[in-house]
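Subject: Structure handover

Hello,

Here is the structure for your files. My notes on it follow below.

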Amino acid sequence: VNNKLSMAVNPDLAEERLNPSFVVEELAVFLAGGKDFAPRKRFITSLVEKDPILSNRDRPYLSRQEYYVRSLHKQKRLLELRKEHDLNSKEFSILKEACDGGPIYLHNDLFIPTLKAQMSEEQLKIWLPKAESYQIFGCYAQTELGHGSNIRKLETTATFVAETDEFEVHSPTLSSLKWWPGALARTSNYAVVFAQLVVGGKNLGLHSFLVQLRSLSDHKQLPGIEVGDIGPKLGFNTVDNGFLRLTHVRIPRTNMLMRHAQVARSGEYTRPPHPKLGYGTMIAIRAEIVKMASVALATALTISVRYSAVRRQGDMVNETNRESKVLDYPFQQQRLLTGVGLAYGLFFTGKYMSDLYQRTQTGNQLNASQLAHLHALSSGLKALCSELVLNALEDSRRACGGHGYSTLSGFPHMIGSYAQNVTVEGDNVILHLQTGRFLINLLRSVRSESSDKVVVKQGLLAYLHDNSTELRTKSRATSIQAVLDPAFQLDVLQHRDKRQLVELEKALELEKEKANGDEAAARQVLMVDIIHVSKSFCETVLLHNFQEGIKTIEVETNGSASFLGVLRKLCSLYGLHTIDTHRGDFLEDGYLNVEELSVVKAAIRRLLSEIRRDAVPLVDAFEIGDNQLASSLGRYDGRVYEDLYAWACQDPNNVAERQNGVILGYNEVLKDLFTVYAKL
């Protein structure tokens, strides 16, 4: 962390950095990827911080149209920097993370991975070089106006025309228009279009097809193609989300993505070996959303924690007779430091998901035997993490009081952009239902001694393999020391998982009897319970990964890392806060009683008071630059009020009045209004 600015730093913020319990540089290096990679990452992020083209300073005052064009300039500059500094894919991802999102993200992170995962080797030789060199620019066109999560009901058709060896891709209804794909409206000239494959009059289900949308010479729409912008969104307006109507568009048969399923020249159809092999891109994006949840929350907390150390408010005074720092109020600590604990927990779970995804890949393909496990984890964690982070972002904004409502705080942009994650790549409700169904089936496979039981015993789900005795036991944690034990926290959450899952399975059997054996009808009745089971399980996964991450650091550093102590406290804070938040779940069967939950509350208060001294150093360690924060409130130097004033003075309306005497609204309306009322 750069200490050269210490002479210019707000004294209250400088004070926060004087006496942390750990070496901030050591934690920052760990978070950046270790001592071998941290210097490289810092260099890459510095490229964004110092480049005027990538500056976010003008962002609050740009129109939607200007913002889109500005984002294209930034995307172009990112590609130039990639070439100038010979950045590999991992390094380029870091560069993108430090900058506003834009259409290139959709091309790099959705379009190209889809080609790699679903095209045959022969097709990749033709198309991948063009995509990677940006000769073609693509998007992922799946969602339709009338259907999103229920992809089996998508209406777009791709009918094989044997006479010409082509597919005719068509939007048969208004509700079949592709709606929402990012980079579709203006940027992309190609799209991977998901459509119902029809061969010989028979619907063979959803498949993917490469469709050209615009001319490569002048970017004009091709015949039969109607694309447009879907209009302003809550956020993420750097990306041109669009609609697509296809009117009997012909494409070569070889434009069907044919790695897993094929249609031969004769019209013979070959089914994929596994029905979900085509879902690899969605799984990858969900895993990425889990990983990036930590970055989003760390960004918000860097702003709110720093500002809370600078802002003084209220009647509570100290020996200097100054108002107290907002960060010294217990409620502010509760809302922000529990968020810091969650951010660090998400860091470890994001790392776990990235590692798991890589382990299940062979080349560009996922291991079919691991698909169910990976799909369930990525679905549930994407749903839980995005929901937790969106709630925490809003809480961070509220923690900044009135200034948090200003665009200059950075929060309106941040929340508007992040809010998509609770819906994109699968609505959270649907994803929790999928994970809950996986857990139910897993419990049943354990009971039936199926082959899956071996997988359960050896993996993250091992605690589910035996519930014969543990469900009858009760916790007896009567001291703060006892509830601070990581094993206690994990045992409590795992007990809840097992109890809820067993009870849910029993309830399903009863509902199935009522529905004459119809499991789908039974699940419909118990939808809320299934979602709750998924959320509980994923909260346990977060705690498990947090604890395992700390154990790994202990082993790798032989227990010498200076930040281990504060990480242990943050981990306990996350675990105990989760227990306290869902206290009813544990009172329900008496596993914890009222007295024990009171001890949990007391332990949380102790942890908050102990972590307080490290609040600013903990967010500093994320090393999120001022340009990336784009916030007056979160500046590293803490010069909040000076920057709010300077940035407000840049408002075009203020500039116009100051320079030209133009007063917005006066000649248009106010002058007449004042005159009319003056005559009354």
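Contact here means heavy atoms within 4.5 Å. By that criterion, and not counting residues up to four places away in sequence, Phe 160 touches Asp 165, Glu 166, Phe 167, Val 198, Val 199, Arg 253, Val 263, Ala 264, Arg 265 and Gly 267.

On provenance: this is a predicted model, in which local features need pLDDT of at least 70 and side-chain atom pairs count only at pLDDT 80 or more, while totals for chains, interfaces and linings use all residues. Residues are numbered from 1 along each chain as its sequence is written, and side-chain values use heavy atoms, with hydrogens and water left out.

Phe 160 and the strands

Phe 160 lies in strand β2; strands (E, at least two residues) and helices (H or I, at least four) are DSSP runs, numbered from the N terminus. With a relative accessible area of 10%, Phe 160 is buried (under 20%; exposed is over 50%, partly exposed in between, with a 1.4 Å probe and protein chains only). Arg 250 is 90 residues from Phe 160 in sequence, and their C-alpha atoms are 9.7 Å apart in space.

Strand β2 (residues 157–161) pairs with β5 in the parallel sense over three bridges; pairing requires that DSSP finds at least two bridges between the strands. Thr 157 has Gln 196 in β5 as its bridge partner. Strand β1 (residues 138–141) also runs parallel to β5, joined by four bridges, and Ala 141 stands opposite Val 193. Strand β6 (residues 202–212) is antiparallel to β5, with nine bridges between them; here Ala 191 faces Val 211. β5 and β6 form a hairpin with two residues between them, and Gly 200 in the turn has a positive phi of about 60°. As for β5 itself (residues 190–199), 10 of its 10 residues are buried.

A separate item is an open sheet of three strands, ordered β4-β8-β7 with antiparallel pairing. β4 (178–179) and β7 (225–229) stand at its edges with a single partner strand each, so one side of each has no neighbour in the sheet. Five bridges join β7 to β8 (residues 242–246), and Val 227 stands opposite Leu 244.

Helices

Helix α4 (residues 64–84) and helix α6 (residues 103–118) pack at an angle of about 50°, with axes 8 Å apart. Axes are lines fitted to C-alpha atoms, for helices over the stretch in contact, and angles run from 0 to 180 degrees between N-to-C directions. α4 is therefore oblique to α6 (under 35 degrees is roughly parallel, over 145 roughly antiparallel, 65 to 115 roughly perpendicular, and the rest oblique). The residues in this contact include Tyr 68, Leu 72 and Arg 82 of α4 and Pro 103 and Tyr 105 of α6.

Helix α9 (residues 330–359) and helix α18 (residues 564–581) pack at about 105°, also with axes 8 Å apart, and are therefore roughly perpendicular to each other. Among the residues that meet are Leu 337, Tyr 344 and Phe 348 in α9, and Leu 570, Tyr 574 and His 577 in α18.

In helix α23 (residues 640–649), the buried residues are Val 640, Asp 643, Leu 644 and Trp 647. Seen down the axis of α23, they fall within an arc of 105°, so they line one face of the helix; the arc is that of the directions from the helix axis to the C-beta atoms.

Regards
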